Amino acid sequence: MRETAGGILLLLGTFFILISAIGIFRMPDLYTRMSATTKASTLGIGLVLAGTVLYWFDIAIAARAISIIVFLFLTAPVAAHIIGRAAYYDGVPLWKHTKIDELAEDMKNRGEDSE
């Protein structure tokens, strides 16, 4: 039963990693690509590692996998945010159908405050 649950988690994880890879090609701009890949791949890797823990059922593997999962869940969103913000300041264009640009409003408000 444990091996079956581990296998199911491994399959779910690889499915989310596949969705992440497809998102790189299907999304229209850098910002939506980063959003899709960061969320889906983080979840996919977490599920693969959880499946590995269930399959092998070893405390050493579990400790490593849990520490990797925690590290990924803490660092991946922050890294994506910083890269996206740097791309925005560097002038990477938004998708033409983007409706809300909150960062532009924030930059505009900051420019008015400094005057």
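Me: How many aromatic pairs does the count come to?

Reply: The count comes to three aromatic pairs. Please bear in mind that this is a predicted model.

Me: How are the rings of F15 and F16 arranged?

Reply: Their centres are 5.7 Å apart and their planes stand at 70°; planes over 60 degrees apart count as edge-to-face, so this pair is edge-to-face.

Me: And what about Y55 and W56, how far apart are they centre to centre, and what is the angle between the planes?

Reply: Y55 and W56 form an aromatic pair with 5.1 Å centre to centre and 90° between the planes, and this pair is edge-to-face.

Me: Why give both a distance and an angle?

Reply: Because a pair of aromatic rings is described by the distance of the centres and the angle of the planes.

Me: Which residues make the nonpolar surface patch?

Reply: The patch is made by F15, L18, I19 and I22, and its area is about 350 Å².

Me: Next topic, the backbone. What is phi of F57?

Reply: Phi of F57 is near 50°, which is a positive value in a residue other than glycine. For context, most residues other than glycine have a negative phi.

Me: Where is F57 found?

Reply: F57 is found in the loop between α2 (30-56) and α3 (59-90). With 58% relative accessibility, F57 counts as exposed.

Me: Now charges. How many salt bridges does a search of the whole structure find?

Reply: The search finds one salt bridge. The side chains of E3 and R2 meet in it, at 3.5 Å from N to O.

Me: What is the nearest side chain of opposite charge to D29?

Reply: That is R33, at 6.6 Å. D29 is buried yet has no salt bridge.

Me: Which side chain does D29 make a polar contact with, then?

Reply: The side chain of D29 contacts the side chain of T32 at 2.6 Å. D29 itself lies in the loop between α1 and α2.

Me: One last topic, separations. How far apart are the C-alpha atoms of G6 and L47?

Reply: They are separated by 9.1 Å, while the two residues are 41 residues apart along the chain. G6 is found in helix α1 and counts as buried, at 0% relative accessibility.

Me: And A104 with V78?

Reply: A104 and V78 are 26 residues apart in sequence and 20 Å apart in space, C-alpha to C-alpha. A104 is found in helix α4 (residues 102-114) and is partly exposed, with a relative accessible area of 29%.

Key: Residues numbered from 1 in each chain as written. Predicted model: local features only at pLDDT ≥ 70, side-chain atom pairs only at ≥ 80, totals over all residues. Heavy atoms only, no water. Patch = residues over 30% accessible without salt bridge, like charges linked within 9 Å, V, L, I, M, F, W, Y side chains within 5 Å. Areas by Shrake-Rupley, 256 points an atom, 1.4 Å probe, with all protein chains shown as cover. Salt bridge = Lys/Arg side-chain N within 4 Å of Asp/Glu carboxyl O. Phe/Tyr/Trp six-rings, centres within 6.5 Å; stacked < 30°, edge-to-face > 60°. Helix = DSSP H or I, 4+ residues; strand = E, 2+ residues; numbered from the N terminus. Buried < 20%, exposed > 50% of the residue type's maximum accessible area, 1.4 Å probe, protein only. Lys, Arg positive; Asp, Glu negative; His and termini not counted. Polar contact = N/O pair within 3.5 Å; in protein donor to acceptor, adjacent residues only side chain to side chain.
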